[in-house]
Amino acid sequence: MRIPYFPGCTLHSKARNFDASARAAALALDIVMEELPEWTCCGAAFPMAADSAMGLVAPTRILASAKEAGKLLTLCSFCYNTLKRTNRVLTTDAERRRKVTTFIEEEYEGTVRTVHLLEVLRDEVGFEALAKRVTKRLDGLKLAPYYGCLLLRPADEMEFDDPERPSILENFLESLGCQVVDFPHKTECCGSFVAVSSPETAAACSARILETATKCGAEMLVVSCPLCQYNLDRAQRAVPVGRTRARQVPVVYFTQLLALALGCDEACLHFDVHAVDPRPRLSAWLDRKSGATVTA
Amino acid sequence: MAGETAMVRFYLMGKPHDVPKGLTIQKAMEYAGFRLLRGCGCRGGFCGACGTVYRTANDYRLKVGLACQTVVEDQMYLALIPFFPAVKAAYRVEDLPPTAESLIGLYPEILRCVGCNTCRKVCPQQIEVMRYIAAAQRGDIAKVADLSFDCLMCGLCASRCPAEIVQYNVAILARRLYARHLARPAAHLEARVAEIEAGACEADLDAMVAASEADLRRLYAAREIEPEEL
């Protein structure tokens, strides 16, 4: 299967670990993520002003460039949110669609469906089929799925999963053999782009999420958004070392786990760019796993 | 004779001038009596000094072109933009790493791009300006350098940008970073520079410095022009 792919700026720079692991894992599942030949920033934030069309221009051009395939794959929660909501405006508001498509001098009727890789795994590969293709099961690895905001909300526009009790990440992790750790803050905000204007505020939001996940027994957090990853990962660098060093918890992308479980080349994981290196946790889990096998 | 020549009327900053049909804007201005001290350089479409904005009758769109390359039309309204007061960062390219952070640090406006593509539409060189700004945002220096290579730095992109990005200054920064840090050094160039530094041209230069004007003129007329490689 080939799907047009919009990486977005972050996956081309800071979040290369997300991009590389996703491409490698998808390829292992016979999915070719074909990067759009040309693309710009989607705008990152969906424009809320109902009387302006300017913010819709960039995402509309991106969507229009995938109109032949009718489908556009993306990974970043910001891109996913912006593209999906823009397309909704284009399909429900003929006046704004006319304005934007006239401006970009391209015909586009809103026919492209923006899909997230998690949706492709669930709907096209299927979690049961995925479980059968796993070559290195992550049995017993205790992981807390963290959704953040933009993947789920606003729920009636995103139509992704239940905004309060989502399950797609849980089902995904179970298909890899992981032990899912439920925790109360999985749909709370990580601090998002407040990290720019008030790093302390964002760090406080992230700290609360990390703390509850750890208390519930998580060895790692699993995310699908580069900004959540950044905030949660970096928040741990900001806290005083003496207090939390022992409780540091790695924050990984779901695609890194998928690549691991499918036996992809570890070069695609780029664990070296993480503030909290996941490798010690993974080797501790491996030791535990092999120990358990021996005693059993 | 004059009665047989078809004339066109163009408006320079609102004032009408009648000139023979078929002249470039630059020649039309000179025909009308202007002596060009600014907004005129190579006269061959390479230097970018004569960026011009114009409109034609019954069209709301602003058009652009280089005055030395664009033929004047009847009912053309135009103004030259010989200089654009754009932000220009100061830096030492040797000390600057070829990263997105370098570009964004010196020109943070690039992150304000709304993707309107007006820069591309206004570019007299048809450069994919918006695409190279997108590449700049994600630190793809080589792509910025490649896409912007034909830029004349006329400044028309910056004059129309709603995000107030100075595209051409970002582009030349990227090309400098590319040349300084990313491009493979050219071995033949290094060898030639070494030859010259060792004095390969000194005798010829000394002879020219000592030559009379008449000799120089003779030398110039008799110079060998290397054939262009096909």
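**Reading a two-chain predicted model**

Visitor: Does A:D30 count as buried or exposed?

Guide: A:D30 counts as exposed, because it has 10 C-beta neighbours inside 10 Å. The count uses C-beta atoms placed from the backbone: 20 or more others within 10 Å is buried, 12 or fewer is exposed, and in between is partly exposed. This is a predicted model, in which local features need pLDDT of at least 70 and side-chain atom pairs count only at pLDDT 80 or more, while totals for chains, interfaces and linings use all residues. Residues are numbered from 1 along each chain as its sequence is written, and chains are lettered from A and ligands numbered from 1 in the order in which they are written.

Visitor: Where does A:D30 lie, and what is its phi?

Guide: A:D30 sits in the loop between α2 (16-28) and β2 (32-35) of chain A. Its phi is near 65 degrees, positive in a residue other than glycine. Helices (H or I, at least four residues) and strands (E, at least two) are DSSP runs, numbered from the N terminus. B:M153 also has a positive phi, about 60 degrees, and is not a glycine. B:M153 lies between α5 (141-147) and α6 (156-160) of chain B. B:M153 is partly exposed, with 19 other C-beta atoms within 10 Å.

Visitor: Which residues does a cis peptide bond join?

Guide: A:R153 and A:P154, with omega about -5 degrees. A:P154 is in the loop between β5 and α8 (155-158) of chain A.

Visitor: Which residues does A:A144 touch?

Guide: Contact means C-beta atoms, placed from the backbone, within 7 Å. Leaving out residues up to four places away in sequence, A:A144 touches A:V181, A:F183, A:K186, A:A213, A:C216, A:A218, A:L221 and A:V222. A:A144 belongs to strand β5 (residues 142-145) of chain A. A:A144 is buried, with 28 other C-beta atoms within 10 Å.

Visitor: How many residues of helix α3 (residues 54-64) of chain A are buried?

Guide: Ten of the eleven, so α3(A) is largely enclosed by the rest of the structure. Among the buried ones are A:L56, A:V57, A:R61 and A:I62. The buried residues of α3(A) pack against β1 (2-6), β3 (71-74), α4 (77-92) and α5 (94-104) of chain A.

Visitor: At what angle do α4(B) and α7(B) pack?

Guide: Axes are lines fitted to C-alpha atoms, for helices over the stretch in contact, and angles run from 0 to 180 degrees between N-to-C directions. Helix α4(B) and helix α7 (residues 167-182) of chain B pack at about 55 degrees, with axes 11 Å apart. The two helices are therefore oblique to each other. Under 35 degrees is roughly parallel, over 145 roughly antiparallel, 65 to 115 roughly perpendicular, and the rest oblique. B:V129, B:Y132, B:I133 and B:A136 in α4(B) meet B:Q167, B:V170, B:A171 and B:A174 in α7(B).

Visitor: How many residues does the contact take from chain B and from chain A?

Guide: Twelve from chain B and 13 from chain A. Helix α4 (residues 129-137) of chain B supplies the largest share of chain B's side, four residues.

Visitor: Which domains does the assignment of chain B give?

Guide: Domain bounds come from an automatic or database domain assignment. Chain B has domain 1 (2-80) and domain 2 (93-182). Their C-alpha centres lie 29 Å apart. The contact takes seven residues from domain 1 of chain B and seven residues from domain 2 of chain B. On the domain 1 side, strand β4 (residues 63-66) of chain B gives the most, three residues.

Technical notes. Two residues are in contact if their C-beta atoms, placed from the backbone, lie within 7 Å.
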